[in-house]
Amino acid sequence: MCGIIGIASRKEFESNDVIKMLKRLEYRGYDSFGIATDTGLFEKEVGEVRHVSDNRCTQAIAHTRWATTGKVTKENAHPHSSCDGNITIVHNGIIDNYLELKEWLAAKGHQFKSETDSEVIAHFFEEELKTCDMRHAVEKFFALVKGEFAVLLIMKGDDMIYTFKRGSPLVLGIADGMNILASDIYAFSNRTNKAVFFSEDEFAEVSAGGYKFYKYDSQLVPLTKEIQVFEWESKESGKMQYEHYMLKEIHEEPEAAARLIDSMKYEQKEKMNELKKMIEDSKRVVFVAAGTSYHASLLGVYFLNKAGIESHAIIASEFRNFTLLDDRTLVIAVTQSGETMDVIQALHGIKGEGVKIASFVNVPYSTVQRMSNVSVNICAGQEVCVAATKTFVNQVVALSYLASLFGYENGIEKIPDKINSLLRQEEKIKGMAETLKNVRDIYIIGRGFSYPVAREIALKLKEIAYIHAEGMMGGELKHGTLALIENGTPVISLMPEGDNHIISNTKEVEARGARVIVVSNSSFDYESIKIPSEDEASFSILATVVGQLLTYHVAKEKRLPVDKPRNLAKSCTVV
Ligand code: G6P
């Protein structure tokens with residue numbers, strides 16, 4: 001995955017200014033980081049992005065890593081350099097055929113210092129530049145290299161940053177006397193609102209004074225690119241009074257949901273109508289998403305099916321294997337970041353097949369948004385914690401609102417007040433969390449619309465509280481999982497009023513000694529949390545919020561790194 005940044009400036013700047021920008025890309029990975037400047041600074045370390053030695057420079061590249069090829073070590077951190085140290089690169093993506101390239105380069109005498117795929121890039125250019133110029137070397141790179149890459153390359157004594165991309169995102173920000181290359185606009189959105197987005201197989205030469213773009217299509221051809229002016233909320237509120245972003249973001253849910261509802265009713269009304277028309281003109285809807293967004297999509301399927309629209313949800317990384325598409329299929333991508341590579345690849349795979357693409361995205365100007373025929377912004381605002389909380393809520397709000405345009409009745413407009421009233425039960429949920437902090441496994445059961453919620457709560461418990469958790473359909477228990485229920489095993493039962501089948505499933509686990517915790521809008525004689533919902537959509541959101549708070553307090557009790565759980569990243573930009 002990883003985040004990259006490169007700066008070419010007329011005026012000198014501080015190495016730690018780059019680090020501040022890099023910090024804004026940390027959601028893409030935080031295993032290790034590094035920086036190289038034209039004035040000789042070359043530092044890399046394991047761990048989160050932090051202060052480096054002071055160094056004044058006019059050119060710098062930097063990287064924050066989420067390890068794919070090669071362990072989390074200082075050697076494997078970026079930047080990587082050529083044998084003679086003249087060429088230095090940072091890379092986001094995966095070079096699939098790096099072993100082949102490495103073997104070829106090693107035979108030519110190149111010595112490798114890391115286990116990464118990325119290091120071959122520096123050596124490849126060192127080798128090629130012996131016999132040709134940069135543009136020809138880039139052409140060879142595009143022709144020979146398989147995989148995904150966004151690369152920034154600098155050379156000693158050269159004021160240019162050479163950059164080329166395939167698959168991985170890359171954008172050029174045009175600021176005052178400074179050109180900034182980055183994985184996304186967020187890295188520089190507090191400095192400029194002018195950007196040039198790279199498309200596939202593009203190469204650019206970027207200096208402080210200007211830039212030149214080229215398209216690779218068996219050779220490099222000069223290209224004129226449009227500068228886009230974007231709107232972005234640049235001020236950041238930090239954690240405010242909260243200890244963690246996760247808790248802050250949960251508490252922002254009422255406001256975020258209200259903002260979205262308002263936006264869909266007024267500002268984005270046209271877009272919603274356009275999307276409605278696209279659905280009416282289609283035979284079926286297929287959602288494509290990953291992680292938490294997939295769980296929101298499963299709810300979208302439930303809501304739309306209830307409204308009489310044939311819908312399916314497919315995990316993005318398996319999209320190709322489990323869908324049949326035609327020109328009457330509408331694919332709807334649901335993605336917080338709009339940069340998840342599995343989702344992007346699924347969409348790339350259908351481009352040109354006549355399939356229309358719509359999306360619900362949180363990050364404006366993201367790749368998925370730009371690939372869509374129509375894209376609705378879920379207006380959740382920036383989400384910093386790796387675990388999605390308020391963006392899940394807003395995805396569900398958006399999908400239930402969409403279904404309501406087809407007659408699916410729900411009380412989604414009341415959801416901001418309902419979440420506020422649920423948040424008043426936080427102390428009770430915290431008390432429950434204290435009793436769960438040492439458990440090994442938790443099972444969450446639901447049926448119908450509460451099944452995706454069960455999966456979402458389980459995901460939260462795994463990723464943030466490091467508890468093995470399974471979210472499953474209540475009806476499936478008896479087909480295997482019941483064997484794992486022992487005396488005291490916690491089972492959270494999502495029990496909407498009137499769902500008699502889930503009551504039976506709950507009794508089945510109770511009979512086998514489980515510790516039953518009920519989340520319901522009705523009263524039961526169990527350890528329970530009561531949620532103020534009157535309809536399916538609000539039940540699904542409120543029950544999820546209970547799971548979010550429970551997870552947060554368990555993780556806090558366990559003193560875990562709530563906002564940056566081990567091994568994960570907020571935006572997964574590799575397949
Ligand atoms: C990562 C994040 C999850 C997120 C998933 C999909 O795994 O850690 O929180 O749900 O990616 O991300 P997206 O941006 O596509 O919603």
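I begin with T340, one of whose polar side-chain atoms lies 2.5 Å from an oxygen atom of the ligand; a polar contact here is a pair of N or O atoms within 3.5 Å, and within protein, one must be able to donate a hydrogen and the other to accept it, with residues adjacent in sequence counted only if both atoms are side-chain atoms. The backbone takes part as well: a polar backbone atom of T292 is 3.0 Å from an oxygen atom of the ligand, and for a polar backbone atom of V386 the distance to a ligand oxygen is 3.2 Å. The ligand taken alone exposes 390 Å², of which the protein buries 90% (Shrake-Rupley areas with a 1.4 Å probe; for residues, only the protein chains shown count as cover).

A word on the source: this is a predicted model, in which local features need pLDDT of at least 70 and side-chain atom pairs count only at pLDDT 80 or more, while totals for chains, interfaces and linings use all residues. Residues are numbered from 1 along each chain as its sequence is written, and side-chain values use heavy atoms, with hydrogens and water left out.

Which residues come nearest to the ligand? They are S293, T335, Q336, S337 and T340, out of 13 around it (a residue is near if one of its heavy atoms lies within 4 Å). By class, this shell has five nonpolar, seven polar and one charged residues. Its largest share, three residues, comes from helix α8, residues 291-306 (helices, H or I, of at least four residues and strands, E, of at least two are DSSP runs, numbered from the N terminus).

The ligand takes up the space of the second largest pocket (more than half of its atoms lie within 2 Å of the grid points). A pocket is an open set on a 1 Å grid over the protein atoms alone, with protein on both sides within 12 Å along at least five of seven lines; a cavity is a set of points where a 1.4 Å probe fits but cannot get out, and lining residues have an atom within 4 Å of a point. This pocket holds about 550 Å³. Of its 29 lining residues, A290, G291, T292, K570 and C572 are the closest to its centre. Helix α8 gives the most to that lining, with five residues.

The whole structure has one cavity of 30 Å³ or more. The largest cavity contains about 70 Å³ of space, and its lining includes M1, W66, H78 and D117.

Finally, the backbone. Most residues other than glycine have a negative phi, and most peptide bonds are trans. H78 and P79 are joined by a cis peptide bond, with omega about 5°; P79 lies in the loop between β4 and β5. S218, not a glycine, has a positive phi of about 65°, and is placed in the loop between β13 and β14.

Methods. Nonpolar A, V, L, I, M, F, W, Y, C, P; charged D, E, K, R; others polar. Points joined across faces, edges and corners; volume = space filled by probe spheres on them.
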